[in-house]
Amino acid sequence: MASAREWIEGDETAKQFLTRVLSERPFLPLPPPLHRIPLRAGNVVEIVGPSPSSKTRILIQAAINCILPKAWKGINYGGLERLVMFIDLDCRFDVLSLSQSLKQRIIKANGHDVGHKLNKVDDSLSGSKDVHSEYDQELFAVSMRRFLYIRCYDSSEFLATLKTMHLQLQKEKEAHGTGVCLLMIDSIGAFYWMDRASPSIPPGSINRNIGQLSVEGALDSKTIRSSASVQLYREYMPSVWQFFVSHRILVRPSDDSGKYQKQPIYLSEWLLPSLKISDKFTFNDDGAYIIS
C-alpha cells in the first residue's frame, strides 16, 4: 500500500516531468499536411496517393525538420538535430531535391529572400561574403550528414537490411552521438506486388504511394496499386501490414487553379484516424504551405 502511494505521489513536478519527456523524446515538428496529428514514438504513418501527388516531397520536408538543429550560431532553425534513415526501394530518390530544399530553408531562417536562385547560392564557393552569410555551408554539411541513405535493389536486399537494422541503428548512434528519430521506407508496396506478381490488379493500374513515417520508430514507405478509375482509397496491402500501421493520410493532385496556378496544388485527407478536415497545400522552394 505504501509503495502504491509513493508511486501515485511521484517525485517530480509536472514541469520536471514534461522537461524530461520532451528532452528524451522531443516533439517532431512535421510539415503540412502531416501537422494535423501529433505523433509519438512507435507510430507508423502511411502516405498514400496516386503518382505524382507530392509524397516524396512531404518526406523530404519532414527529414529536413529532423536533421536541422534547433538553433545554430544564434539563429533559430526549429529542427531536432537528430538522424533520419531513408530506405529507397525504387532507387529514384533525388538527393539534389533534398539538398536544394535544405539550402533554401537555411536561407529563409537567415532572413533572406527564399526566391534567390540556387546558382547564386552555389556562388558562395567562390568566396562571396554576402552569399556566404545567406548560406552557411558548415551547417548544410553537418545537417546532411544526419541523413542516412540506404538503397535496396530487390526484396532480398531489403530483408537483409531489416534483419541488420538494429545493429545499424546502434552503430549510427555511437558514431553521431544521437539516435535515428525518423525512419522512412520508400515504395515498399512496389516490392510486395512485384514479388506477388498478382494477376488481380488490372492492366491499367497506377502506382499509389504509401509514405510511411516513423518517429523514433515511425516509417515512410510508398507504392501500392489501384485502378485509375477508382476515386476513393482502397487498401491493397496485406492485412498484417494494415494491422501495424497506426496512421494513414491520402494525398492527391487538385484541379484547383487561380492565383496559385504556377504551383501544383494538392489535397490531403486523414483516413486513419478519420478527420473531417481536407487540407489544400502547395510547395515553395523552402517547404510546404497550407492554402486552405
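Student: How do E1 and E9 pair, parallel or antiparallel?
Tutor: E1 and E9 pair in the parallel sense, over four bridges. Two strands count as paired if DSSP finds at least two bridges between them. Strands (E, at least two residues) and helices (H or I, at least four) are DSSP runs, numbered from the N terminus.

Student: Which residue is the partner of Val45 in E9?
Tutor: The bridge partner of Val45 in E9 is His247. Before we go on, note that this is a predicted model: local features need pLDDT of at least 70, side-chain atom pairs count only at pLDDT 80 or more, and totals for chains, interfaces and linings use all residues. Residues are numbered from 1 along each chain as its sequence is written, and side-chain values use heavy atoms, with hydrogens and water left out.

Student: Thanks! How many residues of E1 are buried?
Tutor: Seven of the seven residues of E1 (residues 44-50) are buried, and the strand is mostly covered. Buried means under 20% relative accessible area, exposed means over 50%, and partly exposed is in between (1.4 Å probe, protein chains only).

Student: Which way do the E1 residues point?
Tutor: Val44, Glu46, Val48 and Pro50 point one way, while Val45, Ile47 and Gly49 point the other way. In a regular strand the side chains alternate between the two faces of the sheet.

Student: What about E6, why is it largely enclosed?
Tutor: Seven of the seven residues of E6 (residues 180-186) are buried, so the rest of the structure largely encloses this strand. E6 runs parallel to E4 (residues 83-88), and six bridges join them. In that pair, Leu83 has Val180 in E6 as its bridge partner.

Student: New topic: where is Ser254?
Tutor: Ser254 lies in the loop between E9 (247-253) and E10 (266-272).

Student: Is that residue buried or exposed?
Tutor: Ser254 is buried, with a relative accessible area of 17%. Leaving aside neighbours within four places in sequence, Ser254 is in contact (heavy atoms within 4.5 Å) with Ile265, Tyr266 and Leu267.

Student: What does Tyr266 pair with in E11?
Tutor: The bridge partner of Tyr266 in E11 is Phe281. E10 and E11 (residues 274-284) run antiparallel and are joined by five bridges. They form a hairpin with one residue between them.

Student: And how many residues are in the hairpin from E11 to E12?
Tutor: That hairpin joins E11 to E12 through two residues. Four bridges link E11 to E12 (residues 287-290), and the two strands run antiparallel. Thr282 has Tyr289 in E12 as its bridge partner.

Student: Now helices! At what angle do H3 and H4 cross?
Tutor: The axes of H3 (residues 55-67) and H4 (residues 95-109) cross at roughly 55° and come within 10 Å. That makes H3 oblique to H4. Axes are lines fitted to C-alpha atoms, for helices over the stretch in contact, and angles run from 0 to 180 degrees between N-to-C directions. Angles under 35 degrees count as roughly parallel, over 145 as roughly antiparallel, 65 to 115 as roughly perpendicular, and the rest as oblique.

Student: Which residues of H3 meet H4?
Tutor: Ile60, Gln61, Ile64, Asn65 and Ile67 in H3 meet Ser97, Leu98, Ser101, Leu102 and Arg105 in H4.

Student: Last one: how does H4 pack with H7?
Tutor: H4 and H7 (residues 137-144) pack at an angle of about 135°, with their axes 10 Å apart. H4 is therefore oblique to H7.
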